[in-house]
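Morning, everyone. Please look at the model on the screen, and I will talk you through its rings and its sheet.

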Amino acid sequence: MVRLWFLLVSSFVCLAGQAQQTITLEQCYASARETYPLISQKTLQEQIGSLNVKSIQTNRYLPQLAINGQASWQNEVTQLPVHIPNVEITPLSKDQYKLTLDANYILFDGSTASAQTQLQRASVVVEQQKIEVELNKLKDQVNVYYLNALLLDENIALTKVLQEDLKARMDKLSAGVKYGTSIQSNVDVLQAEYLKADQRLIEMEASRKGFRDMLALLTGLSIDQNTTLQMPQTAIVSQEIKRPESQLFNYQKTIFESQTRLINSKSTPRISAFIQTGYGRPALNFLSNEFKGLFIGGIRLNWNLSNLYTMKNEKSVLRLNQQLIDSQKGVFDKNLTIQLRQQQTEIDKLQGLITKDNELVALRSRIKTTSAAQLENGVTTASDYVNDLNAENQAKLNQKIHEFQLLMAQITYRTVTGN
């Protein structure tokens, strides 16, 4: 029995905890980022970059090995141009064979491997930052779903308050009809308005569910009709720009620096040590017609001067690409400035509207209160009262809409700046 009570209490606590679950806008931002499929590409990009860097380092610091084999036949071989009496010199065979193992180790590569490594790492950073730019766009979607869901919560609450007011008036008028102090038509007018409010509730409940479902899909969070969406605090407008696009432009410039360094390294000489060992006929002694082993070792210098032909053009291309990035950054900054100015104008406008909303709501409430008293005293009709009630409700609704629009504008300003 005790165990049964324990299970019942535990289930009640769990259900209560689920019913009272509270989600914040910041949680939605974080969860949408963590669960979005694009986030996995950052790890993949990092793994690809690490493998490419490892390959570059392996080619630089480990000897390059190659097995070469050759079998050939030639129509003429080397012979001595003189005849020595009583000495018979066996001519070389026209079929020749060679199998060698070649090892080459780079002693100096002109910092090519270092430049390649730097370029690879810079490329990974750029690709990851591009992903950050795309992930940052999720905030706009979260803002739309979250704030519209909150606005619908407020609209539903206002509509239910309106219904409570209508219900209270209907009860009083119904009592008046019973005692002959009121007419049934007034009750019917209020009843019709109550049903219209029911229809609006059905529409708003459906829209509310839709926004919450979309928010749940986007964030991966468990958001149902009982989940409480916490009202965001009034966003603090900051002028500091922290957009991922700005950082992307800076990272792209580091690629040009790495590419310039790589171009310079191509025009420097390479020094390497080499070893060749093998077996063949003829071996190193070209006058011997026997299969023998061979071994050669030494230092090799390689300086490809043809890279100097195109170095100037390659650097010019890099400079033009850098100017292109600077131009793109200028366009982005210009559009960002215009967008922030528009948002600030919108914020100022809404703050002015809300000030007037406060006055209008107070005025409409007084008018409705007077109209309610007149209806109870039979001085006015139910239709006139409904008009005054709807006017008050619309004024409150406009006030809420403007408050949410202001909050949305402030959050959008914050999102645009990257804060």
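Tyr97, Tyr279 and Phe291 form one aromatic cluster. Rings of Phe, Tyr and Trp (its six-membered ring) pair if their centres lie within 6.5 Å; planes under 30 degrees apart count as stacked, over 60 as edge-to-face, and the rest as tilted. A note on what you see: this is a predicted model, where local features need pLDDT of at least 70 and side-chain atom pairs count only at pLDDT 80 or more, while totals for chains, interfaces and linings use all residues. Residues are numbered from 1 along each chain as its sequence is written, and side-chain values use heavy atoms, with hydrogens and water left out.

Back to the rings. How many aromatic pairs does a search of the whole structure find? Three.

Take Phe249 and Phe332. Their pair is edge-to-face, with 5.9 Å centre to centre and 65° between the planes. This pair links distant parts of the chain: Phe249 is in helix 7 (residues 244-266) and Phe332 in helix 8 (residues 307-376), 83 residues apart. Helices (H or I, at least four residues) and strands (E, at least two) are DSSP runs, numbered from the N terminus.

Phe249 has 9% relative accessibility, so Phe249 counts as buried. Phe332 has 16%, so Phe332 counts as buried too.

Next, Tyr279 and Phe291. Why is this pair called stacked? Because the ring centres are 5.9 Å apart and the planes stand at 15°. Tyr279 lies in strand 5 (residues 270-281) and Phe291 in the loop between strand 5 and strand 6, so the pair ties together parts twelve residues apart in sequence. Tyr279 is partly exposed at 48%. Phe291 is partly exposed at 39%.

Now charges over rings. The rule: NZ of Lys or CZ of Arg is within 6 Å of the ring centre and within 35 degrees of the ring normal. Lys139 has its charged end over the ring of Tyr29, 5.5 Å from the centre. Arg300 does this with Phe274, at 4.1 Å.

Four strands form an open sheet, ordered 2-3-5-6, with antiparallel pairing. Two strands pair if DSSP finds at least two bridges between them. Strand 2 (64-73) and strand 6 (292-302) are at the edges with a single partner strand each, so one side of each has no neighbour in the sheet. Strand 2 and strand 3 (residues 95-108) pair over ten bridges. There, Ala66 stands opposite Asp102 in strand 3.

How values were computed
Buried means under 20% relative accessible area, exposed over 50%, partly exposed in between (1.4 Å probe, protein chains only).
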